[in-house]
Amino acid sequence: MNRLISNMTWKEYRDKVENGILILPVGSTEQHGPHLPLGVDTIIATQFSLAIAQEVNAVVAPTVSYGYKSLPASGGGPMFPGTIDLNGSTLTSLVYDLLKEFVADGWKQILIFSAHYENEAFLSEACDLLLRNQTEEFPKVLICNWWDNLSAETISKVFSEVKFPGWALEHAAISETSLMMHFSPELVNEDLITDDGMVSPPTYQCFPPDKSLIPPTGCLHSARSSSSAKGKLIVEDATKTIVSFLKKEFSLDLVTFK
């Protein structure tokens, strides 16, 4: 079944709106070490959204492929070619404008799925501004990511060999590498996987950022022990959790679940 609205005619799209669920994936374009492509967050956001859509009979909007500025201790910062950032106000305005258009088309149930750690505050700002400025009935808009929707059991299985460093440092490390091995294995350069990582992440932000803080590879933690099986486990667990709260938050009588 076609779930990408970019592949639909306007009539096909129109027929999906009433009582339907729209998912807006939001990623980024940034360095992900020597073994992963710049589009990791965008690929993960898109593929996760499709996995969720399959379970709740939703459709998926074109992915926002740029995100808020990469920060040194969660994405490597601006020191690497190919990291293309948006200002916070730009991302907020972009998502706000998209939501306005979706609401004007009649969508009443929208999920924003983010796969870039730094995006969340600006996605929330866009939704808040829309809520404050909406004169007609406001739709229900949810924002989520994949890492906050994993069970402790899954986290322990994914990090059974390498200690979990916290989500900020899981950049181009085990979880993202495993997800890419699952979604797009042809884009993973396994022979370039490294054990590089930040030795002692700071508890503060410094401007300009200290280039010596980040390993030359751009990796914040080891990607050793990554696997497609772990990626599949992450997808299945997070999708199950997300589907459960979609059933709770979106009216069950309006949604035909798989």
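Where does Pro208 lie? Pro208 lies in the loop between helix 7 and helix 8, where helices (H or I, at least four residues) and strands (E, at least two) are DSSP runs numbered from the N terminus. The structure is a predicted model, in which local features need pLDDT of at least 70 and side-chain atom pairs count only at pLDDT 80 or more, while totals for chains, interfaces and linings use all residues. Residues are numbered from 1 along each chain as its sequence is written, and side-chain values use heavy atoms, with hydrogens and water left out.

**View 1. The cis peptide bond at Pro208.** The peptide bond that runs from Phe207 to Pro208 is cis, and its omega is near -5°.

**View 2. Helix 5 and its buried face.** Helix 5 (residues 120-133) has 14 residues and reaches 20 Å from its first C-alpha to its last, close to the 20 Å expected at 1.5 Å a residue, the expected span being 1.5 Å times one less than the number of residues. Leu123, Ala126, Cys127 and Leu130 of this helix are buried (buried means under 20% relative accessible area, exposed over 50%, partly exposed in between, with a 1.4 Å probe and protein chains only). Seen down the axis of helix 5, its buried residues fall within an arc of 90°, so they line one face of the helix; the arc is that of the directions from the helix axis to the C-beta atoms. The face turned away from the buried side of helix 5 carries the exposed residues Ala121 and Arg132. Strand 1 (22-26), helix 4 (88-104), strand 5 (109-114) and strand 6 (140-144) are included in what covers the buried residues of helix 5.

**View 3. Helix 7 and its packing partners.** Helix 7 (residues 174-183) is mostly covered, with 9 of its 10 residues buried, among them Glu176, Leu179 and Phe183. The buried residues of helix 7 pack against helix 2 (40-56), helix 6 (152-158) and helix 8 (228-249).

View 4. His35 has its place in the loop between strand 1 and helix 2 and, at 0% relative accessibility, counts as buried. Leaving aside neighbours within four places in sequence, His35 is in contact (heavy atoms within 4.5 Å) with residues including Ala172, Thr177, Leu187 and Cys219. Ala172 is found in the loop between helix 6 and helix 7 and is buried, with a relative accessible area of 0%. Phi of Ala172 is near 60°, a positive value in a residue other than glycine.

**View 5. The largest pocket.** This pocket has a volume of about 300 Å³ and is lined by 19 residues, of which Trp107, Lys108, Gln109, Glu137 and Pro139 lie nearest its centre. On a 1 Å grid over the protein atoms alone, a cavity is a set of points where a 1.4 Å probe fits but cannot get out, and a pocket is an open set with protein on both sides within 12 Å along at least five of seven lines; lining residues have an atom within 4 Å of a point. Grid points are joined across faces, edges and corners, and a volume is the space filled by probe spheres set on the points.

**View 6. The largest cavity.** The largest cavity has a volume of about 120 Å³, and Tyr117, Trp167, Glu170, His171 and Glu176 lie nearest its centre among the 16 residues that line it.
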